[in-house]
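Trainee: I'd like to go through this model with you. Can we put it up and start from the inside?
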Amino acid sequence: LPGTKEVAIRRLRDFVKSMQSMSQFALIHMLERLDGSVVITIPDQVLFNSGEAALKPEALPFLQGLAQAMLELDRQVRVEGHT
């Protein structure tokens with residue numbers, strides 16, 4: 001449908017902004033590039049406690065919301081992580 005991509009991007013942007021308003025998610029950053037790609041940077045301390053591999057309990061709802069927003073985009077997703 002025409003405009004569906006723009007609606008999905010707006011929902012993703014709104015979701016990230018709403019999460020950034022909470023102090024534990026304030027470090028998340030979303031960048032929309034001119035080529036239409038979207039980069040979301042999630043620092044490790046948002047998802048994990050120092051030295052731990054298990055997700056913080058509060059990170060799971062964030063990741064579930066992010067996953068739903070990405071499904072709406074219906075695009076290729078690349079996940080990068082560093083340890």
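Trainee: How many residues does the largest nonpolar core have, and which have the most contacts inside it?
Mentor: The largest nonpolar core has 16 residues, and those with the most contacts inside it are L12, F15, V16, F25, I28 and F62. A nonpolar core here is a set of buried Ala, Val, Leu, Ile, Met, Phe, Trp, Tyr and Cys residues joined through side-chain atoms within 4.5 Å, where buried means under 20% relative accessible area, exposed over 50% and partly exposed in between, with a 1.4 Å probe and protein chains only. This is a predicted model, in which local features need pLDDT of at least 70 and side-chain atom pairs count only at pLDDT 80 or more, while totals for chains, interfaces and linings use all residues. Residues are numbered from 1 along each chain as its sequence is written, and side-chain values use heavy atoms, with hydrogens and water left out.

Trainee: Which element gives the largest share of this core?
Mentor: That is α1, with 6 residues; the elements giving two or more residues are α1, α2 and α3. Helices (H or I, at least four residues) and strands (E, at least two) are DSSP runs, numbered from the N terminus.

Trainee: Which residues of α1 are buried?
Mentor: They are A8, I9, L12, F15, V16 and M19, and they lie on the same side of α1 because they cover an arc of only 125° around the axis, the arc being that of the directions from the helix axis to the C-beta atoms. The buried residues of α1 pack against β1 (29-32), β2 and α3.

Trainee: And in α3, which ones are buried?
Mentor: In α3 the buried residues are A59, F62, L66, A69 and L73, which cover an arc of only 95° around the axis and therefore sit on the same side of α3. The face turned away from the buried side of α3 carries the exposed residues P61 and L71, and what covers its buried residues includes α1 (4-20), β2 (38-41) and α2 (44-47).

Trainee: Changing topic, why does Q45 count as partly exposed?
Mentor: Q45, which lies in helix α2, counts as partly exposed because its relative accessibility is 41%. Beyond its neighbours within four places in sequence, Q45 is in contact with L27 and K56.

Definitions and conventions. Contact = heavy atoms within 4.5 Å.
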